[in-house]
Amino acid sequence: LEAKLESMFKLTRRAFKEQDEKAAEKAVWIRAQAAAACNALLKRVMEDPNISVHRAVSYTLLERHFKRTAAHLYHIASAVLDPAMLIEHRKSPGGL
């Protein structure tokens with residue numbers, strides 16, 4: 001999981017800096033893999049009857065952090081693939 005996120009960081013940085021659509025596509029694809037790995041980690045935690053509460057909470061928080069980081073990188077990479085997303089993010093609530 002760590003290697004996937006590290007790769008996603010590098011690809012997203014390149015995609016954003018150079019407007020490299022191929023790098024953005026790879027980063028978007030890795031996000032699905034990272035999310036699946038996070039889900040698998042959470043499932044293992046929930047199914048382990050011997051895990052301590054402290055360890056279960058730690059793994060759960062780590063899983064949420066990794067998944068959220070992947071989602072942020074996904075949105076940056078997606079903006080390279082679809083620049084209209086940037087315009088939508090700049091609109092403030094209420095049209096102001």
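This is a predicted model: local features need pLDDT of at least 70, side-chain atom pairs count only at pLDDT 80 or more; totals for chains, interfaces and linings use all residues.

Student: OK, and how many helices and strands are in the chain?

Tutor: Four helices and zero strands. Along the sequence the pattern reads α-α-α-α.

Student: What share of the residues is buried?

Tutor: Of the 96 residues in the chain, 27% are buried.

Student: Let's look at packing. At what angle do α2 and α3 pack, and how far apart are their axes?

Tutor: Helix α2 covers residues 21-47 and helix α3 covers residues 53-81; they pack at about 165°, with the axes 9 Å apart.

Student: So are they roughly parallel or antiparallel?

Tutor: Roughly antiparallel, because angles over 145 degrees fall in that class.

Student: And is the crossing of α2 and α3 left-handed or right-handed?

Tutor: The α2 and α3 crossing is left-handed. As for the residues in that contact, 18 are nonpolar, three are polar and five are charged.

Student: Switching to side chains: what lies over the face of Tyr-74?

Tutor: That's Arg-31, at 4.6 Å from the centre of the Tyr-74 ring.

Student: Last one, the backbone. Which residue has a positive phi although it is not a glycine?

Tutor: Gln-19, with a phi of about 50°.

Student: Where does Gln-19 lie?

Tutor: In the loop between α1, residues 2-18, and α2.

Student: How accessible is Gln-19 there?

Tutor: Gln-19 has a relative accessible area of 47%, so it counts as partly exposed.

Terms used: Residues are numbered from 1 along each chain as its sequence is written. Side-chain values use heavy atoms; hydrogens and water are left out. Axes are lines fitted to C-alpha atoms, for helices over the stretch in contact, and angles run from 0 to 180 degrees between N-to-C directions. Helices (H or I, at least four residues) and strands (E, at least two) are DSSP runs, numbered from the N terminus. Angles under 35 degrees count as roughly parallel, over 145 as roughly antiparallel, 65 to 115 as roughly perpendicular and the rest as oblique. A crossing is left-handed if the near helix is turned anticlockwise from the far one by less than a right angle, and right-handed if clockwise. Ala, Val, Leu, Ile, Met, Phe, Trp, Tyr, Cys and Pro count as nonpolar, Asp, Glu, Lys and Arg as charged, and the others, Gly among them, as polar. A charge sits over a ring if NZ of Lys or CZ of Arg is within 6 Å of the ring centre and within 35 degrees of the ring normal. Buried means under 20% relative accessible area, exposed over 50%, partly exposed in between (1.4 Å probe, protein chains only).
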